[in-house]
Amino acid sequence: MKNATTLIYDGSFNGFLTAVFIAFEEKLKVMDIQKNGQTQNGLFSENETIFTHVEKAKRVWNGVRNKSYNAITNIYFAFLSEAEGIEMMLFEYIKKLMAHKGKQSDFSDETMLYISQMARKVGREKHRMEAFVRFQLTKDDIYFANIEPDFDVLPLISKHFRNRYTDQQWLIYDVKRKYGIFYNLERVELISLNLSEIHFNRSRKSQTFTEGEYDYQELWNNYFKSTNIKSRINRKLHTQHVPKRYWKYLSEKKEAV
């Protein structure tokens, strides 16, 4: 009887797809799929380290996409949720998808429903980040912004900002995950950072940013206050659309945090 296997991958999406490819190719009985460094040994399983192979990852990607374009989007978005156990849920999702000959979305199936719901949550967070990013101009002429999303959405928002701000260098930094996306006027690159100071929207000025940046923020803050009619503010609805956890990064909320 074949022992169950725990597949260990490097944490990347291509690494995960490579693990899926190996599982199918070798007809493995997969106990779990885990990120390297977060391994928990099972009593009845053997560990197998998976080395990322882009061509193998592409074969899984293309196979799923040929089956259902919507499914490949769900898989990528759900993977970026970083939810506990998401790899095995996605593996089961892919197995069921590839075995399915009828309709591709069976929401009576718990796995299908879970992945679809998780993908929608990540999609909502993507749109929020595209709306809530507030850049500040540094003395190096780079527009800088902090974000702290619930999910790892930086790979999903890079296209939006690259298309919108093509004539300026910018850097969006994920405080929680300690990496960012940097646009150098030609392409977007992933960069690792460990900033000693996180730049919230606060009254104390930082030497990192230009004086003109703070003048602009003050102008924007005053405009925001002047256009609000206090008697018409629906605070509950406003908080639903702009959750309080984002306020510390919004220049128009400087006095509220």
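Predicted model: local features only at pLDDT ≥ 70, side-chain atom pairs only at ≥ 80, totals over all residues.
Residues are numbered from 1 along each chain as its sequence is written, and side-chain values use heavy atoms, with hydrogens and water left out.

Three strands form an open sheet in the order β2-β1-β3, with parallel pairing. Strands (E, at least two residues) and helices (H or I, at least four) are DSSP runs, numbered from the N terminus, and two strands pair if DSSP finds at least two bridges between them. Strands β2 (30-35) and β3 (45-49) stand at the edges with a single partner strand each, so one side of each lacks a neighbour in the sheet. On average, neighbouring strands of this sheet are turned by 25 degrees against each other, direction ignored. Strand β1 (residues 4-9) pairs with β2 in the parallel sense over five bridges, and L7 stands opposite I33 in β2.

T6 is located in strand β1. This residue is buried (under 20% relative accessible area; exposed is over 50%, partly exposed in between, with a 1.4 Å probe and protein chains only), and the relative accessible area of T6 is 1%. The C-alpha atoms of T6 and D32 are separated by 4.7 Å, although the two residues are 26 residues apart along the chain. Neighbours within four places in sequence left aside, T6 is in contact (heavy atoms within 4.5 Å) with M31, D32, Q34, S45, E46, N47 and E48.

Helix α4 (residues 86-99) lies across β1 and β2 and runs at about 130 degrees to β2. Axes are lines fitted to C-alpha atoms, for helices over the stretch in contact, and angles run from 0 to 180 degrees between N-to-C directions. Helices α2 (residues 54-67) and α3 (residues 69-79) pack at an angle of about 130 degrees, with their axes 5 Å apart. In this packing, W61, V64 and R65 in α2 meet Y69, A71, I72 and I75 in α3.
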